[in-house]
Amino acid sequence: MVVSVRPRPLKYSHTIGLLALTGKGFSNPMDVAVGQNGMVYVINRSNSFQAPMGAVRVTICTLDEEYVGQFGGFGEDDGKFVWPTSIARDSQGNVYVADEHRHDVQMFNRDHEFVRKWGGGGPGAGDRQLNRPSGVAVDGAGNLFIVDHLNNRIVKVSPDGDLVTTWGSAGDGPGEFNLPWGVGTDRQGNVYVADWRNDRIQKFTNDGQHISTIGTSGSGEGQLHRPANVAIDDDGNIYVADWGNERLTVLTDLGFPLTTITGDASMSTWGREFLAANPELTEGRRIMADGTPEKHLFGPTAVEIDEQGRVIIVDSCRHRLQIYERAQNGS
């Protein structure tokens, strides 16, 4: 018998970010990868006007709001990005970035130097081809899982860069997908896919055998609408960036609803520093009729959980991360 453990309530901690085309800030962040000691890597997609100005990049910072640096940039050359969709990091410090315009996934070493890529050269459905890859995740053994969005399949690649297996096809049955987007793994190596247009999460073994389907279409408790990404905590509970419902939805591994979060954002340290340097904007914010909507999630595209159990929500259209912690008993 499988027993799900109800997580402690999530308590809002703080917000990181502001709109910035380079340096300290984000521009339509799409995904976040967790490193060690509170380090995070944020992939910025930006838009067609701002991308050539340097806005498409990986921003590196800590969850304590310390800006560390950035790498990448806009372009077709190896080591550059055009329409990045997802980012992942393995235990060796290597970073992987999926790009749906380039139709590839690039690998960078711990010094952020380009190593190799999977796919590229235009869209395709062959063994080493991709068609608008949208999600990437790495399991504990270093295997890379790629969501091959328009091919409606998952591609598993070994730590050495060799194809291991693929699974999935178009449809709405078990093991089938309709424009899947995000992917995550748990400590046991199981693979969870955000089946975007089917409004559900599918769980698989490490080699692609279907285990279960979680979630149904809708906006009610425990329902999903265009889920974009998924993360799993140490208790097996499932955290979904419920993009279409503008919220984070938390479910047990059996699909029972635990909680939803619509956002609690406060001003980030970076934001306060920016306003201090631009006092004329402070007055504009002061007279704003209602600042409540600014707290809420707007286009949540991804969720991750760090080694301390902190939940990181990528609030893409507000150019920030919202951070939650598990409340201690009695708090």
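**Cavity and sheet**

Analyst: M30, D31, T85, S86, S134, G135, W181, G182, A228, N229, T301 and A302 line the largest cavity. A cavity is a set of points on a 1 Å grid over the protein atoms alone where a 1.4 Å probe fits but cannot get out, and lining residues have an atom within 4 Å of a point. The model is predicted: local features need pLDDT of at least 70, side-chain atom pairs count only at pLDDT 80 or more, and totals for chains, interfaces and linings use all residues. Residues are numbered from 1 along each chain as its sequence is written, and side-chain values use heavy atoms, without hydrogens and water.

User: How much space lies in the largest cavity?

Analyst: The count is 1 cavity of 30 Å³ or more. A volume is the space filled by probe spheres set on the points, which are joined across faces, edges and corners. For the largest cavity this comes to about 40 Å³.

User: Which strands each supply at least two residues of its lining?

Analyst: Strands are DSSP runs (E, at least two residues), numbered from the N terminus. Those that each supply at least two lining residues are β2 (29-34), β6 (84-89), β10 (133-138), β18 (227-232) and β22 (300-305).

User: Which are the edge strands of the open sheet of 4 strands?

Analyst: Two strands pair if DSSP finds at least two bridges between them. The sheet has the order β14-β15-β16-β17, with antiparallel pairing. The strands that pair on one side only are β14 (183-185) and β17 (210-214).

User: Which residue of β15 stands opposite G184?

Analyst: β14 is joined to β15 (residues 191-195) by 3 bridges, and the two run antiparallel. Opposite G184 stands Y192.

Terms used
On a 1 Å grid over the protein atoms alone, a cavity is a set of points where a 1.4 Å probe fits but cannot get out, and a pocket is an open set with protein on both sides within 12 Å along at least five of seven lines; lining residues have an atom within 4 Å of a point.
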